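Here's a quick walk through the strands and one surface spot of this protein. Have the viewer open as you read.

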Amino acid sequence: MTDNNFASYAGSAGAADATRQNSAELPALARDTTAENPWPVCLLSQKYHNAVERWPGCWVEGQLSEINTRRAGSVYITLRDLTQDITMQVSGWGAFANAAAGFKQGDRAVIYGKPQIWAKRTSLALIGQEIRRTGKGDLTEQIAQLRAKLKGEGLFDTERKKPIPEFPKCVGLICAPQARAEGDVITNAKLRWPTIRFKVLHAHVQGAECPQDIINALKTMDEDDEIDVIIVARGGGSFEDLIGFSDEGVVRAVAACEKPVVSAIGHEDDWTLIDLAADLRASTPTDAAKRVVPDIIEQCEIISSSIAVMRERIAGKVKLEEQRLEGYINRPSLTNPQTILERPEQFVREALQRLDVSVRRMTDDAGFSVEKLHAKLTALSPQSVLDRGYAVVQNEKGHILDDSNSVKPGDKLNITLKQGRIAAIADEIAKK
């Protein structure tokens, strides 16, 4: 702010002061101010401005926790101390803004500038004139190295991520005390699913105590059998504010949880390592509430639609069965049952006819065979030989005699003829 601006402030202060009932002049020095005759804010801001203007410029080292170069020809930087949680604002234009355009969040730099007081807020800032990079090893690089390490161990693998329960009964919420994120999650979740219950653990969500608080809260909720899913929520913030959620211990604690973990850290553009290890990453705490619990209106619509589909399918099934039953009723087998026996009866009659023909044929064939065998047997019978005038001669023992040498005079013989037998005694034997 220029001296003319401060003069206008002083002029305004003088005009206001002139309206005072006592019409007293403003004290020239701070020690001369009283409760009855104080300085206006604009005058005190001018005094600070004038004092700071006499300060010399200096080089300061820090880390760029935020950098905004969206307006052409200007840059706004939040410079963070390398060891302490202390920041200051740096602004610059022209050549300084052009030089700063090559930097990114997390870079370390040394900046030469001159301190200045912004009168409207009475805040101290550094007007940058020169900026230089001081090397690597910044927080961004450290986080990148840790990310590569944990990724190599498989902590970010998709295969290890657990599914979020479709209808959770109790949700564990880790957030800062009296945080807006707590209200956003609980309010939006209950609007979607009124019966959902929450168990809330408050923890530091930035600063040195943040990592251990988050680790302890995760362990406590993971051991609670009533909790179905855990949400870790925090509103937006600077890079340095969210750095606790990229702590190695926090990331490992999230990966080790048996219950599914949802990360809802910052806004959509913010990211931390916990987002990679969590089973689900929500862009905001409100988004986490919408993604963890179902919408009762949608579920009612799904149920109504399902009921309608089931009724339609049941009606179609009933109609199909009615048509099938009607077809059965109109069948001739039911309207005229005796027709069922016509074909079997005809089959039996035809079978009997075929059986009768077959039996007759078999009987005739068998009779013919018997006759042939009888003729053969008759032809071979000894009786037929006797019938032709031959006789059978047997000795006394019944042996048939076919050689005269086997008979001696006086042997008793039995002679069988066509009809009857003759007992004889050999008298004379003619031998060949």
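## A word on the model

Keep in mind that this is a predicted model, and the residue numbers count from 1 along the chain as its sequence is written.

## The barrel

Start with the closed barrel. Five strands make it up, running S1-S2-S3-S5-S4, and their pairing is mixed. Going from one strand to the next, the twist averages 55 degrees.

To see where S1 and S4 come together, look at residues 58-68 for S1 and 108-118 for S4: these two strands pair in the antiparallel sense, over six bridges. A handy landmark here is glutamine 63, which stands opposite arginine 108 in S4. There's a helix to look for as well: H2, residues 41-53, packs on the sheet and touches both S4 and S5 (123-133). The direction of H2 makes about 135 degrees with that of S4.

Now for the pairings themselves. S11 and S12 are joined in the antiparallel sense over three bridges, and valine 392 has threonine 416 in S12 as its bridge partner. If you want a pair to click on, lysine 412 has isoleucine 425 in S13 as its bridge partner.

S12 and S13 also form a hairpin, with four residues between the strands. Which residue in that hairpin takes a positive phi? That's glycine 420, with a phi near 90 degrees.

As background, strands of a sheet pair through backbone hydrogen bonds, and they can do so either parallel or antiparallel.

Ile303, Ile307, Met310, Ile314 and Val318 make a nonpolar patch of about 450 Å².

Valine 318, one of the patch residues, is found in helix H10, which covers residues 296-329. Why does valine 318 count as partly exposed? Its relative accessibility is 42%, and partly exposed is the class between the buried cut-off of under 20% and the exposed cut-off of over 50%.

Terms used. Predicted model: local features only at pLDDT ≥ 70, side-chain atom pairs only at ≥ 80, totals over all residues. Heavy atoms only, no water. Pairing = 2+ DSSP bridges. Axes fitted to C-alpha atoms, helices over the stretch in contact; angles between N-to-C directions. Contact = heavy atoms within 4.5 Å. Patch = residues over 30% accessible without salt bridge, like charges linked within 9 Å, V, L, I, M, F, W, Y side chains within 5 Å. Areas by Shrake-Rupley, 256 points an atom, 1.4 Å probe, with all protein chains shown as cover. Salt bridge = Lys/Arg side-chain N within 4 Å of Asp/Glu carboxyl O. Buried < 20%, exposed > 50% of the residue type's maximum accessible area, 1.4 Å probe, protein only.
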